[in-house]
Structure formats: C-alpha cells, structure tokens
Amino acid sequence: MSTALTNSESWKALEKHFGEIKSTTIKTLFEEDKNRGTSLLVKELGIYFDFSKHRITDETLELLFKLAESRGLESKREAMFSGEKINTTENRAVLHTALRAPKGSIIMVDGRNVVPDVHEVLDKMADFSNKIRNGSWKGHTGKPIKNIVNIGIGGSDLGPVMAYEALKFYSKRALTFRYVSNVDGSDFAEAVTDLQADETLFIISSKTFTTLETMTNAQIARAWALKQLGDPSAIARHFVAVSTNEKEVIKFGIDPQNMFGFWDWVGGRYSMSAAIGLSTMIAIGPDHYHEMLKGFHEMDEHFRTAPLNKNIPVIMGMLGVWYNNFFGVQTQAVFPYENYLKRFPAYLQQLTMESLGKHITLKGEKTEYQTGTVYWGEPGTNGQHSFYQLIHQGTRLIPIDFIGFKESLNNLPPHQDYLIANMIAQGEALAFGKTTEEVRKEGGPEQLNPHKVFEGNRPSSAFFLDKLSPENLGKLVAMYEHSVFVQGVIWDINPFDQMGVELGKVLAQNIIPELQDKQQTIAHDSSTNALIEFYRQ
C-alpha cells in the first residue's frame with residue numbers, strides 16, 4: 001500500500017485542518033469576510049476565476065499549496081515542459097504543450113528539437129485545409145469537396161467533435177462535417193445517409209491505423225465510396241489519414257502525401273491541437289486554428305510561470321484533491337452556460353477519467369486514497385430542469401464549475417442576460433440556500449416548509465470570459481489539461497497512460513469469432529457463456 005502521501009506532514013496538517021472546518025458553512029465564511037468575493041479570485045488571460053464559493057479558508061489554500069510543493073509539483077511541471085519522459089509506464093515524454101509552441105521555440109526530445117516538426121505538420125495541414133475550403137482540391141470526378149467525415153474514436157473523435165461544435169460559429173457553412181466513432185453500424189449509416197461519395201472526404205484518424213472501431217468504420221467507408229465511385233484509385237482523392245503508420249496507410253489506398261503525422265509523445269486525449277485537429281482546421285480555417293493554439297499556449301505559459309496561489313490550473317487541481325480526499329466526493333459537474341460548448345463535458349470525461357482513473361502509483365504500489373472523480377455535465381439552462389434538483393436538495397456533495405461568457409456570439413436580446421442571470425443565481429442558491437425562517441416568511445402550509453428548505457453550502461467555481469472564441473477555447477481546454485496534471489502529481493499516478501482501456505478490447509477479440517461461428521466452443525464464465533448463446537440464437 002502506498003502511504004507516502006497520507007503519512008506526509010502536509011497531508012496530516014490538512015487532515016487536522018479539515019476536522020476543524022468541515023462543518024463551517026460557506027454562508028458563515030462570507031459573513032466573517034465581507035471581501036471574500038473579491039479576494040478569492042484570479043483574473044488572468046481574460047479569465048475571471050471566482051473560487052470564493054468553496055468550503056475553504058485562507059489556511060486551507062495555504063495548506064493545499066504546501067502539499068503541492070511537498071509533492072514536487074513545480075519540478076515535475078518543469079520536467080513535463082522540458083520533454084523529460086514523465087510517462088514512465090510507456091517511457092515517453094509528454095509534450096502536448098509542444099503542439100502549440102510558437103515557431104522558434106526549442107523543446108528537445110531525445111536530442112531533437114521537435115518544434116520545427118510540429119510546424120511542418122501545421123503548415124501541411126493549413127495547405128490542405130485551404131485547398132478544401134477554396135475548392136481547389138477536387139474529388140475523383142472533378143467535383144470540389146462539400147462534406148468532411150472524420151472517423152476516429154476516443155481522443156481522435158471527442159476533441160474534434162467538441163471543437164467543431166464549440167467553434168461552429170466560425171466554421172465555413174458551405175461545408176458539412178460529420179463525425180463517426182462508434183463501431184455500431186448505425187453511427188456510420190446515419191453520417192453518410194444524405195451524402196454523395198464524389199463530394200465527400202473521409203479523414204481516418206488513428207495513430208496506429210489498427211484500432212478496431214476506427215478501422216472497421218474506415219473499411220465500410222471505403223466500400224461505401226467505391227460502390228459509388230467504382231475505381232479504387234478514387235480512394236486517394238477521398239481519403240486522408242492522421243496516423244504514424246505509413247505502411248498501413250498505403251495498404252489502405254491513401255497517398256502517403258496525404259498522411260498527417262504526429263508523435264508518441266502526444267497522448268490521444270491530449271491531441272486535439274495536433275493533426276487530429278485537421279477537421280477543425282478545415283472547418284474554421286488556419287487563421288482561427290492558430291488563434292486556438294495561441295490560447296492553448298497562453299494557458300501553458302500561465303501554468304508554467306504563475307505562482308501557485310495565482311495559478312488557475314493549480315487552484316482547480318488542488319480544490320479537486322480537497323473535495324475528493326477530504327470530503328469524499330464522487331463526482332464533479334461542469335456546466336457551460338454556452339450552448340456551443342454542449343460537447344465540452346463529454347470531452348472532459350475522457351480527459352479527466354482516462355487520466356486519473358488509476359489505483360496504482362508510479363512505484364507500482366496500490367493507493368490507499370481515492371483518486372479520479374466522475375466528471376459530467378450539460379449546458380445551462382437545460383440542466384436546471386433535469387438534475388439540478390439532486391444537487392440542490394439531494395444527499396450528495398457535488399462541486400460545480402460554471403463557465404459563462406459576457407457576450408453571446410448570436411445577439412438575441414434578452415437571451416444572454418437571462419442565461420447569465422441563471423448561471424450567477426445558481427451559484428448563489430447552491431452556496432447560501434434558503435433557511436426555514438426565510439421559507440416561513442413566504443407563507444404557505446407549514447407542513448410543506450421542510451420541502452422548501454435549501455441547505456446551501458454546495459461549492460462552485462465560476463469562470464467568466466468575454467466570448468467564446470478560438471483563443472478562449474484553447475485556454476479552457478489547456479486549463480483542464482493542467483488541472484489533471486496537478487492531481488496526478490499529488491496522487492503519484494501516471495495521468496498519461498490508459499491501460500485500463502485494453503482488457504475489454506482484448507476479450508472482445510476472443511468473443512467476436514465465437515459470435516460469428518455458432519459451432520465454436522465457448523468456455524467463459526456462466527454469465528458470459530449464456531450471453532453469447534443468447535446472441536447466437
């Protein structure tokens with residue numbers, strides 16, 4: 001069992017402090033400090049980050065930062081940025097930050113500056129994107145491309161889908177974008193049902209070009225295109241690859257000139273600013289794409305250089321540790337009050353849970369403390385009419401991140417005022433609630449009063465930005481990436497591998513032939529055997 005963390009002086013100091021303040025309410029904290037709302041606040045990079053509505057004091061923050069220092073956060077952060085192989089289980093550097101480093105930067109991996117390689121791929125992406133956008137890239141029959149279908153899964157899908165939906169306002173509306181990830185045939189069938197092959201480009205996004213779901217969908221896409229186009233040479237005009245496996249790309253029929261590479265020091269869920277973002281660049285154009293990269297880089301530099309007590313990702317990550325390990329919370333909600341960010345919570349689910357869903361430390365010992373939190377969310381105000389009831393009056397403590405923008409991209413008065421009023425009001429209601437006395441003053445049957453009481457004391461953060469721009473999207477994504485890193489350092493786990501994804505996939509390979517051949521002997525447990533038999537029938 002791993003006890004280095006829980007036996008440390010800084011951890012024990014937090015345990016003692018938690019015992020002293022765990023019953024203190026947010027309401028009391030505000031009554032004792034009239035300036036709390038403007039002191040527990042960071043304003044950096046155009047982000048207004050209010051973390052005053054948390055069950056913390058100045059001492060809590062001080063102790064959390066001491067814990068971070070004692071766990072070597074600053075040196076481990078620098079190790080990541082400088083290209084050290086901190087992904088120890090796979091012996092790899094972790095350099096998603098290099099994907100958005102400006103030209104002229106120097107980031108060494110195994111004696112090679114990787115920044116020129118990154119910009120070579122970005123330039124190639126820009127050239128290709130411009131050809132699609134201006135119609136100079138022609139399909140097999142001479143028609144320009146009107147439809148782009150991205151085929152991937154996990155990080156090769158969730159990032160591009162989220163970014164496309166988030167930045168749809170900036171996209172070229174003459175182009176249609178579809179995303180296919182599920183090996184369920186319905187996903188592909190619905191994506192292409194109204195498309196014509198001679199106007200459609202498929203982007204096959206798979207680092208290895210062997211991923212079961214992606215390559216199954218890629219092969220059916222190939223068959224669909226050839227059924228209409230007839231000539232196998234057409235594949236070269238209607239398929240491109242985002243991959244590192246040139247041999248398999250060529251075997252598929254894709255011209256290696258139309259292969260966009262990336263590197264083993266980029267994890268899938270951290271790759272949306274790599275070539276995996278090709279569909280994003282085609283949608284919004286290279287200039288807007290580089291604005292997004294600028295936002296990523298600005299947050300990278302903030303995380304790398306800002307003092308811990310003014311560092312947005314550090315504060316977020318340490319609050320995550322505070323609630324997870326001391327209050328024992330199970331989930332973290334993210335509610336963007338911006339409809340374009342409707343896929344942002346789904347993107348964060350992979351980023352956070354694939355990264356922090358670990359119970360083994362870097363030394364191979366089992367943790368004796370809780371790690372990854374379940375992330376979930378929906379855009380406001382929709383959630384207010386579904387699950388907010390549980391958050392306000394249920395029995396579970398669920399910290400919340402509210403994300404709002406001062407300016408709507410679609411100015412339809414008074415929509416934005418109503419939207420943001422709701423976001424601010426929800427934070428107020430969660431923190432301060434409504435007492436029995438306040439309910440009684442409103443009148444009504446006495447027996448209903450207990451049902452109308454809101455206990456409050458429910459923590460939340462508020463993030464305010466001017467508007468949803470490519471640059472601000474980059475900042476938000478990087479902000480969560482780095483908060484994940486912070487938690488990984490505290491818990492001494494590797495947030496950059498995902499071995500837990502593999503077992504079910506391996507077992508599925510054993511079961512596939514058993515489903516397809518009814519004569520094949522099956523020898524699993526009684527439940528698995530019965531399920532296979534039922535499917536066979």
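Hi everyone! A salt bridge is a side-chain nitrogen of Lys or Arg within 4 Å of a carboxyl oxygen of Asp or Glu. The model on the screen is a predicted one, and it holds 24 salt bridges. Let's walk through some of them.

Start with Lys 66 and Glu 62, whose closest N and O atoms are 3.6 Å apart. Both sit in helix H4, residues 58-70, and because they are four residues apart there, about one helical turn separates them. Lys 66 is partly exposed, at 44% relative accessible area, and Glu 62 is partly exposed too, at 46%.

Now for a pair from two loops. Asp 198 bridges to Lys 143, with the closest N and O atoms 3.3 Å apart. Asp 198 is in the loop between helix H8 and strand E7, and Lys 143 is in the loop between helix H6 and strand E5, so this pair ties together parts that are 55 residues apart in sequence. Is Asp 198 buried or exposed? With a relative accessible area of 15%, Asp 198 is buried, while Lys 143 is partly exposed at 37%.

Glu 199 and Lys 146 also form a salt bridge, at 3.7 Å. This pair links those loops as well, across 53 residues. Glu 199 is buried at 16%, and Lys 146 is partly exposed at 42%.

Salt bridges can also join up: Lys 294, Glu 298, Glu 471 and Lys 475 are linked in a network.

Finally, the nonpolar side. The largest nonpolar core has 121 residues, and Trp 265 is among the members touching the most others. Helix H20 gives this core its largest share, twelve residues. A second, separate core has 26 residues, including Phe 188 and Val 249.

Methods: Residues are numbered from 1 along each chain as its sequence is written. This is a predicted model: local features need pLDDT of at least 70, side-chain atom pairs count only at pLDDT 80 or more; totals for chains, interfaces and linings use all residues. Side-chain values use heavy atoms; hydrogens and water are left out. A nonpolar core is a set of buried Ala, Val, Leu, Ile, Met, Phe, Trp, Tyr and Cys residues joined through side-chain atoms within 4.5 Å. Buried means under 20% relative accessible area, exposed over 50%, partly exposed in between (1.4 Å probe, protein chains only).
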